[in-house]
Amino acid sequence: TWWRHFGSGYLQVLVFREASYTVGVVPLFRHEWQGRRQLTLIGSGISDYLEPAIAPGHEQEVIHRLRAHLLSYRDWDICDWQDLAADTPLTALGRVQDDTPCSEIKLDCAFEEYWGHRSKDLRRNLRRYPSRAEQDGPLEFAVTCCADLCLMSELIRLHGDRWGKQGQPGMLAANGSAEFLRDIAREFERLQMLRFFSLRFKGEIVAVSVGVLYHNTVYSYLSAFDPRYEILGFGRTLLYESLRHAYEQHYHAWNFCRGDEPYKFSFGAQRIAKCRLILTRAVHGDIS
């Protein structure tokens with residue numbers, strides 16, 4: 001799905017096998033970028049975790065074979081691999097630099113205990129926001145596991161409205177990824193991994209987020225709220241209700257994906273360091 005929407009150049013998916021078992025996959029494509037032939041990880045740009053799949057215990061051999069391939073393969077000038085784990089075994093190939101971090105809340109206690117450890121200001125606001133809104137009309141929180149066209153359209157619209165108010169295009173417009181998001185939501189629905197969280201005010205959707213449930217962790221990919229009601233804190237209320245739902249479902253964690261916005265840490269998120277690997281191929285064939 002990603003390749004259909006964003007792919008360019010030529011696929012270069014490297015698969016490493018031991019006997020009949022696959023022990024590593026490094027999904028790349030080769031394309032022209034700024035006058036150089038670049039090897040890029042599939043998913044770059046709109047994905048938050050791009051660590052290649054390497055079976056535990058096979059890291060050293062896979063990296064050795066990967067290095068040998070890069071040395072013998074002449075049709076590239078630079079590798080720029082982003083959103084890697086801070087402890088990626090790929091660091092053995094060359095220099096790395098810090099990349100935009102991710103963050104996550106561990107759901108390892110009762111919700112009341114978790115919420116009791118948040119700041120007084122946050123807890124007070126999350127009491128006031130709903131109370132103030134409900135003086136005008138009802139608030140309704142819902143979780144949906146299907147690729148609801150209405151919810152997706154509202155997510156895209158509200159995301160554009162929110163960033164447009166700040167004079168910026170926002171991620172969906174900047175990457176042209178709205179149609180990709182619609183398509184991939186259907187794939188995740190088929191795999192029973194899709195989760196939409198929404199908040200309605202007087203029957204109208206005012207905040208919505210979409211995430212993926214994987215290994216009992218919710219990866220919250222994209223959220224938006226109606227900027228007309230910013231003073232009512234619908235974005236914070238949606239997150240509060242979504243976290244309470246995650247606790248009720250006994251999920252292990254709530255992952256915010258990429259970005260270090262302060263509100264994530266006010267809700268108790270812990271930073272997840274990421275790195276970026278850049279390799280260049282010299283004229284004589286070495287890599288650095």
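**The whole chain**

Begin with everything displayed as a cartoon, bearing in mind that this is a predicted model. The protein has nine helices and twelve strands, and along its principal axes the C-alpha trace spans about 70 × 35 × 35 Å. Of the 288 residues in the protein, 46% are buried. Among the contacts with a separation of 6 or more, 72% are accounted for by residues 24 or more positions apart.

**Helix 4**

Next, select residues 120-134, which form helix 4. This helix has 15 residues and reaches 22 Å from its first C-alpha to its last, close to the 21 Å expected at 1.5 Å a residue. Show the side chains of Leu122, Leu126, Tyr129, Pro130 and Ala133, which are the buried residues in helix 4. If you look down the axis of helix 4, its buried residues fall within an arc of 80°, so they line one face of the helix. Now turn to the other side of helix 4, where Lys120 and Arg127 are exposed.

What covers the buried residues of helix 4? The cover includes helix 3 (111-116), strand 7 (139-144), strand 8 (194-201), helix 8 and helix 9 (262-266), and it is helix 8 that the tour visits next.

**Helix 8**

Select residues 234-248 for helix 8. Helix 8 is mostly covered, with eleven of its 15 residues buried; among them are Phe234, Leu238, Tyr240, His245 and Tyr247.

Then step past the end of the helix to histidine 250, which follows helix 8 and has a positive phi, near 60°.

**The cavity**

Rolling a probe the size of a water molecule over the atoms shows where empty space is left. Here the count comes to one cavity of 30 Å³ or more, and the largest cavity has a volume of about 40 Å³. To find the largest cavity, select Ala147, Asp148, Leu149, Met152, Arg182, Ala185 and Arg186, which line it. Helix 5 (149-165) and helix 7 (178-190) each supply at least two residues of this lining, and the largest share, three residues, comes from helix 7. Colouring the lining by class shows four nonpolar, no polar and three charged residues.

**Two loops**

Most residues other than glycine have a negative phi. Finish, then, with two residues whose phi is positive although neither is a glycine. Select alanine 19, in the loop between strand 1 (10-18) and strand 2 (21-33), where phi is about 55°; alanine 19 is exposed, with a relative accessible area of 76%. Then move to glutamine 34, which lies in the loop between strand 2 and strand 3 (36-41). Its phi is also positive, at about 55°, and glutamine 34 is exposed, with a relative accessible area of 70%.

Note on methods:
Residues numbered from 1 in each chain as written. Heavy atoms only, no water. 1 Å grid on protein atoms, 1.4 Å probe; cavity = no way out; pocket = protein on both sides within 12 Å on 5 of 7 lines; lining within 4 Å. Points joined across faces, edges and corners; volume = space filled by probe spheres on them. Helix = DSSP H or I, 4+ residues; strand = E, 2+ residues; numbered from the N terminus. Nonpolar A, V, L, I, M, F, W, Y, C, P; charged D, E, K, R; others polar. Expected span 1.5 Å × (residues − 1). Buried < 20%, exposed > 50% of the residue type's maximum accessible area, 1.4 Å probe, protein only. Arc of directions from axis to C-beta. Contact = heavy atoms within 4.5 Å.
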